[in-house]
Amino acid sequence: MEGGGTGKDLDRMQETNGSGGNGSLKVIPPCCLKARASMPEYEAKCHATVVSGWFTESRSCSDKAGKVLYYNNPMWPGEVHSLQVEKILYQGRSEYQEILVFESKTYGKVLVLDGIVQLTDKDECAYQEMIAHLPLCSIPSPKHVLVIGGGDGGVLREVSRHSSVEVIDICEIDKLVIDVCKEFFPHLSVGFEDPRVRLHVGDAVEYIRNAPEGMYDAIIVDSSDPIGPARELVERPFFETIARALKPGGVLCNQAESMWLHTHLIQDMLSICRETFKGSVHYAWTSVPTYPRVPGSS
């Protein structure tokens, strides 16, 4: 669920970090610009933090005059998601994003990137199993698999269950995410221990652009929301490079957000995939209580 690419300088907005420090720029994808066009008051200005024992992905804060302002994740206008926090286990910042790990009251340990929940102990299996087994079970005897993003190791864990697979490449841009997950989520990062796994730390867009033509039977894009580092992973040029890297009859499974919240994004992705790939393109979904994004496949 971690980002694997880098964003372009197209449409930016100012975001204040959770500690009240200097502002940083976030890229808003075209699909989100469409979704918020009629609701400009829902622009995001700050990411969530832990307040009074609760982690909230969208929260309120006050301006210099003391006026209460309400801010939302641009992917979820008008919604708030909260988890009760027992203990903060890790908090740090990599070159790309803020990383938070905490122990929650009901979902076990929680991984948060830039204020957005990526996974929890309790429900991670639903996402990892869906995005891995759906594509790999749809083709006969996949041998070469590429995972883009997925620095927590959960997708690797599931892919490694397929005995026909000979090589599992993974390209994750943020090495710190991998290191943090190895410390706090060993049941996920166990995927990195499989001898078939080859880790590539870097920009996934560049990696797939340089991949040999027709190299992979399956490519799984386990990315974060298409904001900032992961924005390029939902755009036409990326899908075109994916198509080039797939073998004839190969399959792509791409994290494709929520059918309840992101119809603009889904429509754009399906349209691009139908124009880019030969064969069928479908949208699939599963239930992940703390993670309203769901896998889609083509």
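A pocket here is an open set of points on a 1 Å grid over the protein atoms alone, with protein on both sides within 12 Å along at least five of seven lines, and its lining residues have an atom within 4 Å of a point. The model is predicted, so to speak plainly about limits: local features need pLDDT of at least 70, side-chain atom pairs count only at pLDDT 80 or more, and totals for chains, interfaces and linings use all residues. Residues are numbered from 1 along each chain as its sequence is written, and side-chain values use heavy atoms, with hydrogens and water left out.

**View 1. The largest pocket and its lining.** Here 20 residues line the largest pocket, and L246, G249, G250, F277 and K278 lie nearest its centre. The space inside comes to about 440 Å³, a volume being the space filled by probe spheres (1.4 Å) set on the points. Strand 15 (246-255) and helix 2 (124-136) each supply at least two lining residues, with strand 15 giving the most, 7 residues. Helices (H or I, at least four residues) and strands (E, at least two) are DSSP runs, numbered from the N terminus. By class, the lining has 9 nonpolar, 9 polar and 2 charged residues; Gly counts as polar.

**View 2. Helix 7 against helix 8.** Helix 7 (residues 236-245) packs on helix 8 (residues 263-276) at about 40°, the axes being 10 Å apart. Axes are lines fitted to C-alpha atoms over the stretch in contact, and angles run from 0 to 180 degrees between N-to-C directions. The crossing is right-handed, meaning that the near helix is turned clockwise from the far one by less than a right angle. On helix 7, R236, F239, E240 and A243 meet M269, I272, C273, E275 and T276 of helix 8, contact meaning heavy atoms within 4.5 Å.

**View 3. Strand 7 and its partners.** Strand 7 (residues 82-93) pairs antiparallel with strand 4 (residues 54-56) over 3 bridges, and F55 stands opposite L83. Strands pair if DSSP finds at least two bridges between them. Strand 7 also pairs antiparallel with strand 8 (residues 98-104) over 7 bridges, where V85 has S104 as its bridge partner.
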